[in-house]
Amino acid sequence: SSRHPTRSFDSRSQSISSSLSILPPMDNRPPSSSSNTSFTRVYRIRSNPRPFTIDTSRAKSNQPVVALCSRKIGITEYPNAREDNKPCDIYWHNVVYSDIRNVVGSATSRVNKFPGMTELAKKISLTHSITSMQRIFPHEYSFYPKSWFLPAHLDQFRAHCEDDETKRECDNSDKKAWYIVKPDEGAQGTGIYLINNPSQLKNEQQRMLVQEYVADPFLMGDQLKFDFRVYGVIKSLNPLSIYVAREGMARFCTEKYSPPTSSNFENLYSHLTNYSLNKGHGAYVHSTNLQDQVKGSKRLLSTVFHQLESRGLKTKKLWHDIKLIIVKTVLAMLPEVMLHYEHHFFDAAGPQCFQIMGFDIMVRDNGEPILLEVNAAPSLTIDHLMGGPTDGDYVPVYRVRSVVDEVIKIPLVRDTLLLVLNLLDEEYGKSSPSTSSSAHNPSTQDDMGTLKTRRKPHLSEIFPTRYGHCSGHLLFLDKAVYLFMQFVNLKHTVNITMQGIKQLIKKCNLSNIVSTSEAEEKVREINYYFTGDDNTFSNGLCFHAFLMFLHWVSERKFAFEDDTLARLQRLMAFCDSALRFYGVRSARLRRTEVESSDSSLEIYMLPTRLKASKRRSKSQQNPSSTTQRSSRPSDRNNNPPLVLPKI
Ligand code: ADP
């Protein structure tokens, strides 16, 4: 903390920090370059510890950066777990462990992973979640390229290509659409290739994602394609709270871009921005200091925003759109996140989960951001490996400090730890001076005040604060989640079985609309669409597959209604009232909104978890000042600020 003398973590930090230019702070604006203050903070270690603990025994490759950040903010690290078996305040895991219930048994603890998130962020699952939202909110989810999951959607993909061909013939256009083929489990660009015709698929039966290739990236003077890695943090599910980091990175290709043609489409160095691919190219520019990074192959997001601004791109709008993409993407993933949480902690109080997520975003020539991928475990390493085979020669492998990674990831991890411990305001001086330790030392008060006004958190809330009013209606799918929960034994599975669907049809008085045999046939068809495997029928439908089933039912029952969302809303209301007849309490069918002491709104996605969440935050908040909001009727347009629809 700035209250204490700076201790240099590395002697080079001083010279690096002095080489930085100070740019005016732009809070919640397009990212601006890191200031001296924020960079020197990277190396400050807090000398008086705070009464918090962190278990890093399962952090693996994240351990060094988490340990450093814990020291910086004065929380006690247990790299080998606590011997006294007392719970830690935070558990930092590299993956979701199957024994998470036993390891993180305390409801007052926080763990840095949501159960299921690794799977949910994979390309095919993400595509299912976003496609579900596109079906209901087509305009709001147009930031994700049209995608097909092979082999299940092969026919649809072929049909799309034929349509496209016909259209081009009609328009007399010689511009051919290109597609990018990616393995579901792939990472770092492995196994990716481009095609412009389904016949070029290397293996039609392999589990792959085919996606429209966005062929018009925004290029700067060097003509190198680039994309951004933007970091979002889900602080908690109960209450739902999403943050964005104001610094991220931009990754550049190593060969000049031109739109794909049959002669250049194999040159991945000009089409894929992956670091792991491009670092092996002779033209890759590693930066050893922050001055060099402005021309490097890996740059700060803020640097590239300045470069884009100087080329006439409206970066304020771009940053706004990127933040909305993060909010909308997390909201699309939310139903399954809720279900996996309940599945893991069905009979336990459960910890608070939080997660740092990486969003890969490219910018089109017209300034429109496009989401390419979500990474549930973005790399947090702050050095990189050099050497190995480069252009035919072999150089021994060695580790080098990466200044760009340090400037991004140390504040990211540090502020995430502060955030989940509810210390962000205290650290950055938003709380009243009397609560900070400097109040005890009047001589430093003025200096502190100046310093505090200059510093700002690396993370800022984007949901429900700021973007809640324009995206709150996207929480709508929770209604379907609550319905789903009534018919699934979450202790055993996150899928709804045919038995569950039959129950739903019966209890929701839908038998006159859908016969059992029709439902079975539909479920089989939907199951194939989602899994690409006929044999998995007995496993039941995942949530988004179930939603597709509901669409089908709603089309039958409310055929007079043209609008997809309106049809689904009617079906939800119909099922809701039918279930009340069976004694299903309304509290189980709707999220809870609570107005907190500072009049901000807290949204509890899993209302039955409200008590545990309140207990967790008791020490930071005044619980008596919270009042439960009365429920409001649902609103077809759903646009007034934070008026969220309910069943
Ligand atoms: P991986 O997980 O293997 O990195 P990505 O989906 O991130 O796979 O794709 C790798 C790279 O390919 C991206 O970083 C981007 O440069 C490029 N890319 C991916 N999808 C598209 C697309 N639809 N249009 C244009 N470029 C893309």
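Me: Let's start with the ligand. How do the residues of the shell around it divide into nonpolar, polar and charged?

Reply: Happy to begin there. The shell around the ligand holds nine nonpolar, seven polar and seven charged residues. Please keep in mind that this is a predicted model.

Me: How many residues surround the ligand, and which are the closest?

Reply: There are 23 residues around the ligand, and K123, K182, G189, T273 and N274 are the closest.

Me: Which polar backbone atom lies 2.6 Å from an oxygen atom of the ligand?

Reply: The general idea is to look for N or O atoms within 3.5 Å of each other. In this structure, a polar backbone atom of G189 is 2.6 Å from a ligand oxygen. Q188 also takes part through its backbone, where an N or O atom lies 3.3 Å from an oxygen of the ligand. T273 uses its side chain instead: an N or O atom there is 2.8 Å from a ligand oxygen.

Me: How much of the ligand does the protein bury?

Reply: Taken alone, the ligand exposes 540 Å², and the protein buries 98% of that area.

Me: Which elements give two or more residues to that shell?

Reply: They are β6 (179-183), β8 (208-212), β14 (355-363) and β15 (369-375).

Me: Now the aromatic residues. Why is the pair of F228 and F305 called tilted?

Reply: The idea is to check the angle between the ring planes: under 30 degrees counts as stacked, over 60 as edge-to-face, and the rest as tilted. The structure holds 20 aromatic pairs. In the pair of F228 and F305, the ring centres are 5.4 Å apart and the planes stand at 50°, so the pair is tilted. F228 belongs to strand β9 (residues 226-237) and F305 to helix α10 (residues 301-310), so their pairing ties together parts that are 77 residues apart in sequence.

Me: Are F228 and F305 buried or exposed?

Reply: The cut-off for buried is under 20% relative accessible area. F228 has 0% and counts as buried, and F305 is buried with 1%. These two rings also belong to an aromatic cluster formed by F226, F228, F252, F305 and W319.

Me: Where does the charged end of R299 sit?

Reply: The charged end of R299 sits over the ring of F252, 3.7 Å from its centre. Elsewhere, the charged end of R58 sits over the ring of Y97, 4.4 Å from the ring centre.

Me: Let's turn to the backbone. Which peptide bond is cis, with omega near 5°?

Reply: That is the bond from L150 to P151. P151 is in the loop between β5 (147-150) and α7 (154-171). The bond from F463 to P464 is cis too, with omega near 0°, and P464 lies in the loop between β18 (459-463) and α15 (468-471).

Me: Which residue other than glycine has a positive phi near 65°?

Reply: That residue is A81, found in the loop between β2 (76-78) and β3 (90-93). A81 is partly exposed, with a relative accessible area of 27%. Q223 has a positive phi as well, near 60°. Its place is the loop between β8 and β9, and at 33% relative accessibility Q223 counts as partly exposed.

Terms used:
Residues are numbered from 1 along each chain as its sequence is written. This is a predicted model: local features need pLDDT of at least 70, side-chain atom pairs count only at pLDDT 80 or more; totals for chains, interfaces and linings use all residues. Side-chain values use heavy atoms; hydrogens and water are left out. A residue is near a molecule or strand if one of its heavy atoms lies within 4 Å of it. A polar contact is a pair of N or O atoms within 3.5 Å; within protein, one must be able to donate a hydrogen and the other to accept it, and residues adjacent in sequence count only if both atoms are side-chain atoms. Accessible areas come from the Shrake-Rupley method with a 1.4 Å probe; for residues, only the protein chains shown count as cover. Helices (H or I, at least four residues) and strands (E, at least two) are DSSP runs, numbered from the N terminus. Ala, Val, Leu, Ile, Met, Phe, Trp, Tyr, Cys and Pro count as nonpolar, Asp, Glu, Lys and Arg as charged, and the others, Gly among them, as polar. Rings of Phe, Tyr and Trp (its six-membered ring) pair if their centres lie within 6.5 Å; planes under 30 degrees apart count as stacked, over 60 as edge-to-face and the rest as tilted. Buried means under 20% relative accessible area, exposed over 50%, partly exposed in between (1.4 Å probe, protein chains only). A charge sits over a ring if NZ of Lys or CZ of Arg is within 6 Å of the ring centre and within 35 degrees of the ring normal.
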